[in-house]
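Me: Got a model open here. Can you walk me through the fold?
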Amino acid sequence: MGIGRPFLGAALIALVTAGCGGAGSGDNAHRPADTAPPRSGKELPVAITSAEPDLLTAKTLLSALPPEPADDAAFTEQVLWTMRKNTVAMVGIPRKTSAACEGGKVSEEPGETTRCTVTYNGVKVPWSIRFEEPAGGLKPYDITHGSRAVLTVKSVHGK
């Protein structure tokens with residue numbers, strides 16, 4: 001009977017210490033579910049204290065651009081307006097834009113790619129348009145932006 005009590009005491013100590021360690025313990029073990037984990041990494045170079053008032057809305061997007069070209073406007077003019085609209089939407093903040101294509105015009109020849117550039121507040125954003133083979137009476141095309149996008153502190157962290 002002398003072995004039972006020391007064994008019971010050792011078993012109790014083992015159970016208590018096992019509950020204090022292991023895979024479940026750490027920073028997240030006793031933190032309430034509605035709190036954030038501890039911060040790590042570097043502090044942002046710009047303090048974000050609230051939402052920025054000039055972030056883009058559907059209304060401000062259109063007001064940041066010249067009027068949309070009429071349906072009978074030249075195709076190049078329509079495409080350049082669309083690229084400008086997509087650039088402002090990408091950034092999220094209305095600013096001055098301009099746009100131009102190589103050769104001054106979009107080629108509508110199947111298989112040809114026309115490279116265009118939208119300048120957003122001084123930053124050049126490459127775009128391209130490529131026409132595919134006609135399908136029936138349709139002339140399908142793709143407008144894609146190149147390897148450069150514009151991000152601002154306000155659009156990334158201001159919401």
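Reply: One term before we start: two strands pair if DSSP finds at least two bridges between them. This is a predicted model.

Me: Which strand pairs with β4, and over how many bridges?
Reply: Strand β3, residues 123-131. The two pair in the antiparallel sense over 5 bridges.

Me: What order do the strands take in the sheet?
Reply: β1-β2-β3-β4. The 4 strands form an open sheet, and the pairing is antiparallel.

Me: And which are the edge strands?
Reply: β1, 97-101, and β4, 141-145. Each of them pairs on one side only.

Me: By how many degrees are neighbouring strands turned against each other?
Reply: 20° on average, with direction ignored.

Me: OK, helices now. Which strands does α3 lie across?
Reply: Helix α3, residues 75-91, lies across β1, β2 (113-120), β3 and β4. Against β3, the helix runs at about 130°.

Me: Zoom out. How do the elements run from the N terminus?
Reply: α-α-α-β-β-β-β-α. That comes to 4 helices and 4 strands.

Me: What share of the residues is buried?
Reply: 21% of the 159 residues count as buried, with the cut-off at under 20% relative accessible area. The protein exposes about 11500 Å². Carbon and sulfur atoms supply 57% of that area.

Me: Last one. What percentage of the contacts join residues at least 24 apart?
Reply: 46%, taken among contacts between residues at least 6 apart in sequence.

Conventions. Residues are numbered from 1 along each chain as its sequence is written. This is a predicted model: local features need pLDDT of at least 70, side-chain atom pairs count only at pLDDT 80 or more; totals for chains, interfaces and linings use all residues. Side-chain values use heavy atoms; hydrogens and water are left out. Buried means under 20% relative accessible area, exposed over 50%, partly exposed in between (1.4 Å probe, protein chains only). Contact means heavy atoms within 4.5 Å. Accessible areas come from the Shrake-Rupley method with a 1.4 Å probe; for residues, only the protein chains shown count as cover. Axes are lines fitted to C-alpha atoms, for helices over the stretch in contact, and angles run from 0 to 180 degrees between N-to-C directions.
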